[in-house]
Amino acid sequence: EDNESHKASLDDLREEKSQLAIQIATLMEQNTAKDAAIQDLRSELLESKAECTRVQSEIAATQEKLNAEREAHESSKSQAREAKSDHEETVRNLKSDFLESKDSFKSEIKELKEELQSSKAEASQSEKSLRDLLDSHQQEAIGMKVELQGSKAVIADLQVKLQEAN
């Protein structure tokens, strides 16, 4: 009768060991999936940073173009002043055109600066969100590792009990 009881207890321990092995395999699969998701998030973060860099380069190129155009208009204005005695009417027209262009350029520069600030803010927010998400996944991964260690400890304990039972 004791032998039957030990045998039943051993069968129960074997079943419990089998269930724990399945749980461990499931946890390991989940951990692998989360690691892949973290890698995907890191890739997305790098892509976002590259896009921000590209946008900043475009803004800088546009700023340089606007500066060159402004210098060209300054030169044009200076030439118009030199020819003022011969072309009074032309100078007035050029001055009017120049002032309109200057206001337009100021508005465009202001808009570009606002777009740059907005892009920087969006990039910063995007990076923060991705970091928060990455931190969350890392915390989950740590939790899963702790659970896995606990499962390993339970298995080790069961193996000791199994050996003692044998």
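This is a predicted model: local features need pLDDT of at least 70, side-chain atom pairs count only at pLDDT 80 or more; totals for chains, interfaces and linings use all residues.
Reader: Happy to start simple: how many helices and strands does the protein chain have?

Author: The protein chain has two helices and zero strands. Its radius of gyration is 36 Å, well over the 15 Å that the globule rule gives for 166 residues, so the chain is more spread out than a compact globule. Along the principal axes, its C-alpha atoms fill a box of roughly 125 × 15 × 15 Å.

Reader: Which residues make up the largest nonpolar core?

Author: In soluble globular proteins, nonpolar side chains tend to be buried together. In this model, the largest nonpolar core holds six residues: L13, L20, I24, L148, I155 and L158. Helices α1 (2–82) and α2 (88–165) each give two or more residues to this core. Setting aside neighbours within four places in sequence, L148 is in contact with I24 and M28.

Reader: Nice. Now S151 and H137: is S151 buried or exposed, and is H137 buried or exposed?

Author: The cut-off for buried is under 20% relative accessible area. S151, in helix α2, is buried because its relative accessible area is 11%. H137, also placed in helix α2, counts as buried at 17% relative accessibility.

Reader: And what does each of them touch, leaving out neighbours up to four places away in sequence?

Author: With those left out, S151 touches I24 and L27, while H137 is in contact with I38 and L41. For the protein chain as a whole, buried residues make up 17% of the 166 residues.

Note on methods
Residues are numbered from 1 along each chain as its sequence is written. Side-chain values use heavy atoms; hydrogens and water are left out. A nonpolar core is a set of buried Ala, Val, Leu, Ile, Met, Phe, Trp, Tyr and Cys residues joined through side-chain atoms within 4.5 Å. Buried means under 20% relative accessible area, exposed over 50%, partly exposed in between (1.4 Å probe, protein chains only). Helices (H or I, at least four residues) and strands (E, at least two) are DSSP runs, numbered from the N terminus. Contact means heavy atoms within 4.5 Å. The radius of gyration is taken over C-alpha atoms; the globule rule is 2.2 Å times the number of residues to the power 0.38.
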